[in-house]
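Biologist: Can you walk me through this one? I'd like to start with the side chains and then move on to how the pieces pack.
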Amino acid sequence: MLLVADPDADLVRELASALEREGILVAGVLDGAQALLQAGALRPDVVLVSATLPVIGPVDFVRAVRLARAVPVLLGVGEGHAEQAVQALAAGATACVARPYRVPELLPLVQAAFPGDVAGRGVLTVGGVELDVGAYQVRVAGSPVHLPLREFELLHYLMRNADRTVTREQIMRHVWHAADSMSTNTIAVHVKRLRARLGDEDDQLIQTVRGVGYRLVTPA
């Protein structure tokens, strides 16, 4: 289930209708207080909150949710919401998406948090790294590691293609769902962060293939 918290009731209805046609169950609320109550009662798989959320704002909502659960929280932002985005991400939000929402952009992020019938479902293991797609969990040497949603998707894609070189263009399409014009520096930054979270200090797990892309290597 996706919980949508947005003060625009018409927008919530339109988004719910579009996503439910994709097989995603949506619950909608109009303010942060309702969102906190429903996050506890419904235990959604992912939450989408607007940067304009009233009563309890998006930053306080993220902080409160993070005390109870590791559910992915997406922040819907528009023009003039840069400060809220920075604060929410620092508080533990998973990623930001453009608001008004565009279903083709939002759908892959939402689906990544669902344990539904999708390709690559289940538990993947490479060396000491274990990734549970349905539970949105990663463990390294048996210890849980929290990954923001985009880094989780990146690791998932690399693990599904373990021991194969994937190009930057392939990563753009399959992880960012973006055109080839997206800056490759964005990928490099996320790979660097992912390596740090996994303890891959010498770049032996995720190797850079110069001029091409990256390869996640199964330890011998």
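Biologist: Is Arg-102 buried, partly exposed or exposed?
Modeller: Arg-102 is partly exposed, at a relative accessible area of 48%. Buried means under 20% relative accessible area and exposed over 50%, with partly exposed in between, using a 1.4 Å probe and protein chains only. Before we go on, this is a predicted model, where local features need pLDDT of at least 70 and side-chain atom pairs count only at pLDDT 80 or more, while totals for chains, interfaces and linings use all residues. Residues are numbered from 1 along each chain as its sequence is written, and side-chain values use heavy atoms, with hydrogens and water left out.

Biologist: What does the side chain of Arg-102 meet in a salt bridge?
Modeller: Glu-105, at 2.9 Å from N to O. A salt bridge here is a side-chain nitrogen of Lys or Arg within 4 Å of a carboxyl oxygen of Asp or Glu. Glu-105 is partly exposed too, with a relative accessible area of 31%.

Biologist: How many salt bridges does the structure hold?
Modeller: Seven. One of them joins Asp-6 and Arg-99, with the closest N and O atoms 2.7 Å apart. Asp-6 sits in the loop between strand 1 (2-5) and helix 1 (9-20), and Arg-99 in the loop between strand 5 (95-98) and helix 5 (103-111), so the pair ties together parts 93 residues apart in sequence. Helices (H or I, at least four residues) and strands (E, at least two) are DSSP runs, numbered from the N terminus.

Biologist: And Asp-6, buried or exposed?
Modeller: Asp-6 counts as buried, at 0% relative accessibility.

Biologist: Which residue forms a salt bridge with Glu-151?
Modeller: Arg-197, with 2.5 Å between N and O. Glu-151 belongs to helix 6 (residues 149-160) and Arg-197 to helix 8 (residues 184-198), so this pair links parts that are 46 residues apart in sequence. Glu-151 is buried at 3% relative accessibility, whereas Arg-197 is partly exposed at 36%.

Biologist: Switching to packing. At what angle do helix 1 and helix 5 pack?
Modeller: About 65 degrees, with the axes 11 Å apart. Axes are lines fitted to C-alpha atoms, for helices over the stretch in contact, and angles run from 0 to 180 degrees between N-to-C directions.

Biologist: Which residues make that contact?
Modeller: Leu-15, Ala-18 and Leu-19 from helix 1, and Val-103, Leu-106 and Leu-107 from helix 5. Contact means heavy atoms within 4.5 Å.

Biologist: Now the sheet. What is the strand order?
Modeller: The order is 6-7-8-9, in an open sheet of four strands with antiparallel pairing. Two strands pair if DSSP finds at least two bridges between them. Strand 6 and strand 9 (143-145) are the edges, each with a single partner strand, so one side of each has no neighbour in the sheet. From one strand to the next the twist averages 25 degrees.

Biologist: How many bridges join strand 6 to strand 7?
Modeller: Four, and the two strands run antiparallel. Val-126 of that pairing stands opposite Val-129 in strand 7. Helix 6 packs on the sheet, touching strand 6, strand 7 and strand 8, and its direction makes about 110 degrees with that of strand 7.

Biologist: Which residues are on the covered face of strand 7?
Modeller: Val-129 and Leu-131, while Glu-130 and Asp-132 are on the uncovered face. In a regular strand, side chains alternate between the two faces of the sheet.

Biologist: What is the bridge partner of Leu-131 in strand 8?
Modeller: Val-138. Strand 7 and strand 8 (residues 137-140) pair over four bridges, in the antiparallel sense.
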